[in-house]
Amino acid sequence: MEISTVKKNKQVLLYYCVEMEDVAHKIASESDSILLHSINWRSFADGFPNLFINNAHDIRGQHVAFLASFSSPAVIFEQLSVIFALPRLFVASFTLVLPFFPTGTFERMEEEGDVATAFTMARIISNIPMSRGGPTSLVIYDIHALQERFYFGDNVLPLFETGIPLLQRRLQLLPDSENIVIAFPDDGAWKRFHKQLVHYPTVICTKVREGDKRIVRLKEGNPAGCHVVIVDDLVQSGGTLIECQKVLAAHGASKVSAYVTHGIFPKRSWERFLHKNDGSEKAFTYFWTTDSCPHTVKAIANKAPFEVISLAGSIADALQI
Amino acid sequence: MSATTPPPALPSSQNTSNKLLNSIPILSQSFNRKKDYSIRCEFENNNSQRWTVGCVSGTDPIHIILKPPSFPMASATALSSSTVKNAKRVCLFYCNEMKDLAERIASQSDAIELRSITWRTFEDGFPNLFISNAHGIRGQHVAFLASFSSPGVIFEQLSVIYALPKLFVSSFTLVLPFFPTGTSERMEDEGDVATAFTLARILSNTPVPRGGPTSLVIFDIHALQERFYFGDNILPCFESGIPLLLNRLQQLPDSDNISLAFPDDGAWKRFHKQLQHFPMIVCAKVREGDQRIVRIKEGDPAGRHVVIVDDLVQSGGTLTECQKVLARHGAQKISAYVTHGIFPNRSWQRFNHDKGGSPENGMTYFWITDSCPRTVKEVKDKKPFEVLSLAAPIAAALQI
């Protein structure tokens, strides 16, 4: 008789912020054990939040999670108020799912006086009250800088997940999956992701200084005749990706696609990647991103070359930990 | 003009009672009948320290200038630790919207020096901040003047608040004149989320610098129980704007005809001890069927210049109801004072100037402080509004 090693699924009550409503529904549809609960998000006349957690009594003794999204500073405070309140409602455990951890992507601590907003964010999260289940679990996908994991205090348990397995599954479905080469825009990206993509040949790019300019060059590998997929954790303006694509094409790549876990795309910078209908060459065949950044997901819906890969399945699994 | 409770040497509003003095003021004034006038009083307090209180109205906002005794004038006995403490040098940083108030605070005292922060944003909307001359503040007393006028500006200021204490400063003070949240919310059901508690918790987690826990200066916090929301790693210092009102009332030509009105018992409990010399009127909201109506519970406004006193104003509904009731009961003139003029959605527009006429049509004065900078900008030069600056009490609080 086989002893089942699969743990019984634990029931999780999932609350969510307004901008993550679609993702929350997808997560709940992945598993019968995940039930959606709602919060009344209103504001007072002075602009400050007027919040109500529905079914607050029913969540006693239950595993509770909150799906957050800090897409801009303005939405942080209202979500924090809920995040600080939920653990104290006698829940059995509390998990904060924050797929994209913002801040820290541009800032550099180079001089005394530079303010590390990533540290501020980590500090605030580290002060989430403990629940009966102990420290809050904190689920983050492809955090930008691995050292950020050390910014968190001991009262939270960070769980660092990645979207790369989702990319792998998608690549296996491509007709030319045998002809794929993975390209990394810099050594940093290679260090972070190459072990999860060992089955593919790799190409590594690098930025070199030529006078005043910084130019992307090919450092290792050969893209000639292949479908090259550039992999990185996030994209902002897209400048780096475009430079990489040009270099790869110049070295003979037959197709170039891109994957980033977090499509931040401030100020609609995704527009420069769209396929134009004027017969011009398509720079990117596919551009994959996840639904960690809901505003982007809305904007790029059904616009080639973009395809959104949902984190819902992965999050549903993480909630069982 | 009788001397009034001075902003004390080492202020804490609770201590004002034993600083009350009856010494004869030396009036030296220059009356400029055109628009503005200035009055300067000198008086001595119990410790033989000579203070100068100047009020310049006609500037906007009204500048109540507090000059602590300077060394040459102080008597030998007054060369106590308190005067030495008064010389504590403070580097004052500030958020953008509080720039004007920061400048006024710095002009109060040579010991307070303004420092700057570069406030920019990255493309993704998140803050890109730089504290100028970070090495230069090592070993210094440092303060930050904050304003959380909306949720969107909290994170950038918080980043600076969390960073400053760790730059080897000798002490850190956070001045947050108006503590938002908690004014409209009620914890009635399980499920109500106390955003006031969230904010207090976030502030309580400010890192502890050398010199011990951060001091947190708040003026007229809305609910006194909120003081208990703060953890032990922060030292809240609860101040009041009422002394500014007292000073202003003493300047009025009809200062002997003033009565104070409180919109509810709560306001009376909070403020009456700081305003003991005036006759008082207490209002109350009573239920009549579905409606809630303001009534006068105690006191008589007939023939008086009534000043309604409260900690803050939002839509102004309560103040308007009080005004109507007081006018009906024969008030000659009606004015109002609130420390915090929140006025969401420009609700200050409903308050008209009485233009010397009937109090049903408007108010004579509506005093607010500069705790809410957006409102200060909007009501500039608009009667009946007058802004009383918190610069002096803040400068004094920074010396604690």
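In which helix of chain A is A:F119 found? In this predicted model, A:F119 belongs to helix α3 of chain A. The relative accessible area of A:F119 is 31%, so the residue is classed as partly exposed. A:F150 lies 31 residues from A:F119 along the chain, and the C-alpha atoms of the two are separated by 9.6 Å.

The interface of chain A and chain B was examined next. Contacts link 47 residues of chain A with 48 residues of chain B. The size of an interface is often given as the accessible area lost when the parts come together. For chain A and chain B this buried area is about 4100 Å², and carbon and sulfur atoms account for 68% of it. Of the area that chain A buries against chain B, 17% is supplied by A:F48, A:F77 and A:E112, more than by any other three residues.

A salt bridge is formed by the side chains of A:R60 and B:E190, with an N to O distance of 3.1 Å. Nine residue pairs are in polar contact across the interface of chain A and chain B, both residues being at pLDDT 80 or more. On the side of chain A that touches chain B, the elements giving two or more residues are β4 (49–53), α2 (76–85) and α3 (117–126) of chain A. The largest share comes from α2(A), with seven residues. By class, this side of chain A consists of 26 nonpolar, twelve polar and nine charged residues.

Chain B contains nine helices and 19 strands. Of its 400 residues, 58% are buried. Among the contacts in chain B with a separation of 6 or more, 63% are between residues 24 or more positions apart. The accessible surface of chain B is about 17000 Å², and 49% of this belongs to carbon and sulfur atoms.

Helix α3 (residues 154–163) of chain B is largely enclosed by the rest of the structure, because eight of its ten residues are buried. The buried residues of α3(B) include B:I154, B:F155, B:L158, B:V160, B:I161 and B:Y162, and B:Q157 and B:S159 are also among them. Helix α7 (residues 317–328) of chain B contains B:Q323. With a relative accessibility of 8%, B:Q323 falls under the 20% cut-off and therefore counts as buried. Apart from neighbours within four places in sequence, B:Q323 is in contact with B:I308, B:I334, B:P359, B:E360, B:N361, B:G362 and B:M363.

Most residues other than glycine have a negative phi, and most peptide bonds are trans. A cis peptide bond is present between A:A304 and A:P305, with omega at about 5 degrees. A:P305 is placed in the loop between α7 (294–300) and β15 (306–309) of chain A. In chain B, B:K383 and B:P384 are joined by a cis peptide bond with omega of about 5 degrees, and B:P384 is in the loop between α8 (373–378) and β19 (385–388).

A positive phi of about 45 degrees is found at A:F265, which is not a glycine. A:F265 is in the loop between β13 (255–263) and β14 (287–290) of chain A, and is buried at 3% relative accessible area. B:N345 has a positive phi near 55 degrees and is located in the loop between β17 (333–341) and β18 (366–369) of chain B. In contrast to the buried A:F265, B:N345 is exposed, with a relative accessible area of 68%.

Key: Residues numbered from 1 in each chain as written. Chains lettered and ligands numbered in written order. Predicted model: local features only at pLDDT ≥ 70, side-chain atom pairs only at ≥ 80, totals over all residues. Heavy atoms only, no water. Contact = heavy atoms within 4.5 Å. Buried area = accessible area lost by both parts, 1.4 Å probe. Salt bridge = Lys/Arg side-chain N within 4 Å of Asp/Glu carboxyl O. Polar contact = N/O pair within 3.5 Å; in protein donor to acceptor, adjacent residues only side chain to side chain. Helix = DSSP H or I, 4+ residues; strand = E, 2+ residues; numbered from the N terminus. Nonpolar A, V, L, I, M, F, W, Y, C, P; charged D, E, K, R; others polar. Buried < 20%, exposed > 50% of the residue type's maximum accessible area, 1.4 Å probe, protein only. Areas by Shrake-Rupley, 256 points an atom, 1.4 Å probe, with all protein chains shown as cover.
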